[in-house]
Amino acid sequence: MAIKRGLSSGAGVRNNKGIGSRFCINVLLCFLTFLAFSFFFLGRGLFTAASSDINEPSIDSSRQDLNWREKLALQHLKSLFSKEVIDVIKASTDDLGPLSVDFFRNNNLSASWRVRDKTASDNATSAEIGGVASDTKQETSKGKKEHSSNEDHSVFLETPAKLVRRQLREKRREKRAADLVKQDDEVTVKLETAAIERSKSVDSAVLGKYSIWRRENDNENSDSTVRLIRDQMIMARVYTSLARMKNKHDLATELQNRLKESQRSLGEATADSDLNHSAPEKIKLMGQVLSKAKEQLYDCNLVTGKLRAMLQSADEQVRSLKKQSTFLSQLAAKTIPNGVHCLAMRLTIDYYLLPLEKRKFPRSENFENPKLYHYALFSDNVLAASVVVNSTVMNAKEPEKHVFHLVTDKLNFGAMNMWFLLNPPGKATIHVENVDEFKWLNSSYCPVLRQLESAAMKEYYFKAAHPTTLSAGSSNLKYRNPKYLSMLNHLRFYLPQVYPKLDKILFLDDDIVVQKDLTGLWSVDLHGKVNGAVETCGESFHRFDKYLNFSNPHIAKNFDPNACGWAYGMNMFDLVEWKKQDITGIYHKWQNMNEDRVLWKLGTLPPGLITFYGLTHPLEKTWHVLGLGYNPSVDRSDIENAAVVHYNGNMKPWLELAMTKYKPYWTKYIKYDHPYIRNCKLSE
C-alpha cells in the first residue's frame, strides 16, 4: 500500500511539472509572436519612411531624366508614330502636363480619337495606377509592359489606316452637309441680291426729287409708327394667306378686317404727324390678332416663302413703275407747255402784222465783226432763248461787244424775232436766222438729212405700228425725241459754213443759264485744238464706251473705250483751226458709216465725241456745271461758283417736272409781269 501510494504521489508530481512546463512554452511562443509582429510592423514603417526619403531626391532627378513610364510609353509609340509626331506630343505634354483620358474628354477630342465610356476609362486608369504601384522597383516583366501599353493604346488610338478612313468619312459627311446648306443659302442670297440690285437700279434721274434713295430717308428713327403699321400690314397679308391655305377661315376674316382698319388708319400718311389719333389703338388690336395668328399658323418655311414671293412681287412693281416713270418723263420732255406754246403763237401773229421796215434789228454791222464776242444759239424755244441772252448780257462787263446769233426753224422764226424786237438785250447785238433758208444745207450735202429721208428712218420714227407703249417696249424712246430729227440739233457741225467770216464762236445750248462774264473764254489758249469743253469723265458713265458701240471693229480700232467724254452746252470753237482740220468732213465720214445706227444711237454727242477725238482742250470745271436737269444732288457751292449752269436731262426748268430747288436760277431772268407772259399764264 505504501509503495502504491508513493507511486501515485510521484506520478502526481510529474503531472504537475508537465503542466507548468507547457504553460511556460505557450507564454514564450506568444511573446515571440508579439515580438515578431512588432518587428514586422516596425520594419515596414521604417522601410516606408526610408522609401519616402529615398524618393525625394529621385523626384529631383526625374526632372532631368524621363521617368520609367515615359520610357515605357516611348518604346511602344515609336513603332506607331514618326519622330515629328512624338516631338509634338512631348511638347504638348511639357506645356499642359501628362496626357490622360480626362484631358482629351475635357479638351474637345477630335473626330479621329475615340474614347470608351467613362467606366471603362476609369477602370483602365485604375489598372494603370495599380500596375505602377506593384512595379515600383521596375521589375515587371516585358510581357506585362507590352500588355499594359497595348491596353492604353486601345483606349486612345486606332490604327493609322482606320484613322485615315475615319477622317475621310468625316470630311465627306461635312462636305455633303456644307453643300446642302450652301445650295439653300445660294438660292436665297441670289433671289435677295437680284431684288436688291433691281431696286438699286431705279433711276434717280427719272425720279428726281421724289427719289426713295434720298439722304432724308436714311434716318432709321424717323416716322417709326408709320413703318410699324406698314410692317403689321405686311405680316397680316402673310398670315391671311396662310390661314386660307390651312382652312382657318375665321382667322383669315379677322386678319382681313384688321388689315382694312390699318389701311384706313394709315391713309396717305407718310409721317407720324400725319397719322389719325386712332392709330395707336389700331396698332394694338392688329398686334393682338397677329400674335394669335402666329400661335396657330407660324411655320418658318411657309412664312419665308410667302415673304419672298411678296418681295419679288414688289420688285416687279418697282420695275414696272420705273419703266412707266421713264416713259412719262420722256414723253414730258418731248412736249411744250401750254404757256410756252401760247407765247410763241401770240408773238408769231404780232410779228407778221408788223411792217417790213420794223422787222429789222439794229447794229447789223456787228454780225460779222471778228473782233467782237460772238455766240451761237440754236433753239425753237422763245422763252429758253430769252433766258440765255438775258443772263449773258446781265453778267457781261461790256455788253455792247457781245453778238448773239440765233438760229431757229420757220415755225418759230416770227416769234423769236418779235420777242427780241420787243425786248432788246440792252446794247448787245441780236441776229435771228431761219435754218430752212440755208439752201446749202440739203440732203445731197448733209448725211443726216439724207438719212432722215430714208424709208428705214421713217419706219423707225413715224410708222403707226411702231411700239410706243410700255407693254410694247420703249427702251429707245429717248432717241425718238423730235429734237434728234431737227437740223437745229445737227447745225453745230456746220459752224464755219454758217459763220464763214468769224474766227472764234462760243456755242451755247438753250437750257443753260449764264452767271458770270464769259469774255475770259476768248483768251483761253486751246493749244491748237478745235474744241474747248469741260470734261465729264469724273463719272464712269461719261466715258466713250457708254456712247459708242465698241463691238464694232471701226469703233474698237480707232477709239479708246476709257477716253474721257466732254459736254455740249458751252463750247468754245476755233473756226480757223476747224477749217484746217476739216472737222465737217470728219463728221460726214462717220455719219455715213452710221446709216444703220450700228456705231451709235441717234443724237449729237456720240458723233461729236468721234469728230473732235483728240481735238478737244479741257476747260476748268467752274466754267460749266452740269446735271441740273437730272441730278438732285449737285453741290450748291459748285452751282454758285459756276460761270454756266446746265439743265441737261429731262427736267428742263420750263417744264412742270423741273426740280424745284434748281428752278430759281432760271426763273430770275424772266419778267413774269411782261404782258405776253402774263396773258399766257406763265408763272414761277
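Reader: How many bridges join strand E1 to E2?
Author: This is a predicted model: local features need pLDDT of at least 70, side-chain atom pairs count only at pLDDT 80 or more, and totals for chains, interfaces and linings use all residues. Residues are numbered from 1 along each chain as its sequence is written, and side-chain values use heavy atoms, with hydrogens and water left out. Strands (E, at least two residues) and helices (H or I, at least four) are DSSP runs numbered from the N terminus, and two strands pair if DSSP finds at least two bridges between them. E1 covers residues 373-378 and runs parallel to E2, and the number of bridges joining them is six.

Reader: Which helix does the chain go through on its way from E1 to E2?
Author: The crossing is a β-α-β crossover, and it is right-handed. That word applies if, with the strands pointing away from the viewer, the path from the first strand over the helix to the second runs clockwise. The helix on this path covers residues 382-394, and its name is H14.

Reader: At about what angle to E2 does H14 run?
Author: H14 lies across E1, E2, E3 and E4. For such angles, axes are lines fitted to C-alpha atoms, for helices over the stretch in contact, and values run from 0 to 180 degrees between N-to-C directions. Relative to E2, H14 runs at about 175°.

Reader: Is strand E2 enclosed or open to the outside, and how many of its residues are buried?
Author: Buried means under 20% relative accessible area, exposed means over 50%, and partly exposed is in between (1.4 Å probe, protein chains only). His 402, Phe 404, Leu 406 and Thr 408 point one way from E2, while Val 403, His 405 and Val 407 point the other way, and all are buried. E2 (residues 402-408) is therefore largely enclosed by the rest of the structure, with a buried count of seven of the seven.

Reader: What are the edge strands of the open sheet?
Author: Seven strands form this sheet in the order E3-E2-E1-E4-E7-E6-E8, with mixed pairing. Neighbouring strands are turned by 25° against each other on average, direction ignored. An edge strand here pairs on one side only, which is the case for E3 and E8 (616-618).

Reader: Which residue of E4 stands opposite Leu 377?
Author: Leu 377 is found in strand E1. Three bridges join E1 to E4 (residues 504-508), and the two strands run parallel. Leu 377 stands opposite Leu 406 in E2, and opposite it in E4 stands Leu 508.

Reader: What is the relative accessible area of Leu 377?
Author: Contact means heavy atoms within 4.5 Å. Leaving out residues up to four places away in sequence, Leu 377 touches several others, including Ala 385, Val 388, Val 389, Val 407 and Asp 509. Leu 377 is buried, and its relative accessible area is 3%.

Reader: Within what arc do the buried residues of helix H11 fall?
Author: H11 (residues 279-297) has 19 residues and buries Ala 279, Ile 283, Met 286, Val 289, Leu 290, Ala 293 and Leu 297. Seen down the axis, these residues line one face of the helix. The arc is that of the directions from the helix axis to the C-beta atoms, and here the buried residues fall within 135°.

Reader: Which helices are among those that cover the buried residues of H11?
Author: The face of H11 turned away from its buried side carries the exposed residues Pro 280, Lys 284 and Glu 295. What covers the buried residues includes two helices, at 224-245 and 249-266: H9 and H10.

Reader: What relative accessibility does Asn 247 have?
Author: Asn 247 is found in the loop between H9 and H10. Asn 247 has a positive phi of about 60° although it is not a glycine. Asn 247 counts as exposed, with a relative accessibility of 57%.

Reader: Finally, what percentage of the residues of the protein chain count as buried?
Author: The secondary structure of the chain comes to 26 helices and ten strands. Of its 684 residues, the share that count as buried is 37%.

Definitions and conventions:
The expected span of a helix is 1.5 Å times one less than its number of residues.
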